[in-house]
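Me: I've got a structure open and would like to talk through how it packs. Could you go over it with me?
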Amino acid sequence: HLIWDSDLIGRLNYIIQPKMLTNLGIQARSTLNVDVERISSDCDAIIYMVYPTKLAMKAISKQIVYLSKSSNYGRRKNFYLLLMPRRTFLCMRCLKMYGAFAELEPTPSASHILDVNIDWYPIDADVISLENRACFQQLLNGDISSLTQVARALNSLQAVFGRFPTIRAKGDFSCAVVDIMR
C-alpha cells in the first residue's frame, strides 16, 4: 500500500506512471490525509512517500502506532518511509516523539527510512525543472533552505555534464546559490 503526499503526485507523474506502480506490486494507492489517525490496509507493507514536514510526521506516526497495535492475527506489517528530498532533524525528532521511530528503524542496520533525492524532473524532451513550487514562498518567509537544494541540484548537473564554464548571478539569493555551490 503506497500512501503519498498529495503535493508529490503532480511531480512524480513526470517520472512514474500508474501502470509502473502496478507492475511493481503496489496493490493500493492513496494520498496522506493528515486528519486521519486510523487507516486500514490488508497489505503486509505500508510505504509512505512524503515531504519531511512536522504535520506529515505526526499523522504518519499516529497511523503506524495504530496499525502496529491492531495487526490482524499476529501478522506484522512492515513500514517504510520515503522522504523527499531528504530526512531532516525535525522529522526524525517527530517520529521519535510520536512513537513511530522504533517501527521504522528496528535496528540501525535495517532502517526503513530512506531519502529520495530527485533533483530534476523531465518536463519535455529538452526541458528539466526542479519543480519546487514552495521555494518562492519559503524565501519570502525567511527560509533559505531551498537555496541549498538549488545549489545541490546544479552541482549534480555539473557532475553529469561537466563544470559550467561561466556562472553569473544577479541578486542576493542567486549569489548565495553560487557561494553554496563552491
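Me: Let's start with α3: what do its buried residues pack against?

Reply: Bearing in mind that this is a predicted model, the buried residues of α3 pack against the strands β1 (2–4), β3 (45–50) and β4 (78–83), and also against the helices α4 (89–97) and α5 (101–104).

Me: And which residues of α3 are buried?

Reply: The buried residues in α3 are A56, M57, A59, I60, S61, Q63, I64 and L67. As background, an α-helix has 3.6 residues a turn, so residues three or four places apart point the same way.

Me: How does the end-to-end distance of α3 agree with what it should span?

Reply: The helix covers residues 54–69, and because each of its 16 residues is taken at 1.5 Å, α3 should span 22 Å, which agrees with the 23 Å between its end C-alpha atoms.

Me: Which residues have the most contacts inside the largest nonpolar core?

Reply: That core has 22 residues, and those with the most contacts inside it are Y48, M57, I60, L81, L95 and I113. Two or more residues each come from β3, α3, β4, α4 and α5, with α3 giving the largest share, five residues. Apart from this core lies another, of 13 residues, including L2, I16, Y51 and M84.

Me: What is L95 in contact with, leaving aside neighbours within four places in sequence?

Reply: With those neighbours left aside, L95 is in contact with M57, S61, L81, A100, F101, L104 and I113.

Me: Changing topic, is R11 buried or exposed?

Reply: R11, which is found in helix α1 (residues 6–12), counts as buried because its relative accessible area is 7%, and the cut-off for buried is under 20%. Beyond its neighbours within four places in sequence, R11 is in contact with Y51, Y121, L130, E131, N132 and R133. The C-alpha atoms of R11 and N132 are separated by 9.1 Å, although the two residues are 121 apart along the chain.

Me: Now the surface: which residues form a nonpolar patch there?

Reply: The patch is formed by Y14, I15, I123 and V127, which together have about 280 Å² of accessible area. V127, found in strand β7 (residues 127–129), counts as partly exposed because its relative accessibility is 37%.

Me: Last one: what covers the buried residues of α7?

Reply: The cover includes β7, α6 (135–140) and α8 (172–181), and among the buried residues of α7 are L147, V150, A151 and L157. Just after α7, G162 takes a positive phi of about 100 degrees.

Definitions and conventions: Residues are numbered from 1 along each chain as its sequence is written. This is a predicted model: local features need pLDDT of at least 70, side-chain atom pairs count only at pLDDT 80 or more; totals for chains, interfaces and linings use all residues. Side-chain values use heavy atoms; hydrogens and water are left out. Helices (H or I, at least four residues) and strands (E, at least two) are DSSP runs, numbered from the N terminus. The expected span of a helix is 1.5 Å times one less than its number of residues. Buried means under 20% relative accessible area, exposed over 50%, partly exposed in between (1.4 Å probe, protein chains only). Contact means heavy atoms within 4.5 Å. A nonpolar core is a set of buried Ala, Val, Leu, Ile, Met, Phe, Trp, Tyr and Cys residues joined through side-chain atoms within 4.5 Å. Patches are made of residues with over 30% relative accessible area and no salt bridge: like charges are joined within 9 Å, nonpolar side chains (Val, Leu, Ile, Met, Phe, Trp, Tyr) within 5 Å. Accessible areas come from the Shrake-Rupley method with a 1.4 Å probe; for residues, only the protein chains shown count as cover. A salt bridge is a side-chain nitrogen of Lys or Arg within 4 Å of a carboxyl oxygen of Asp or Glu.
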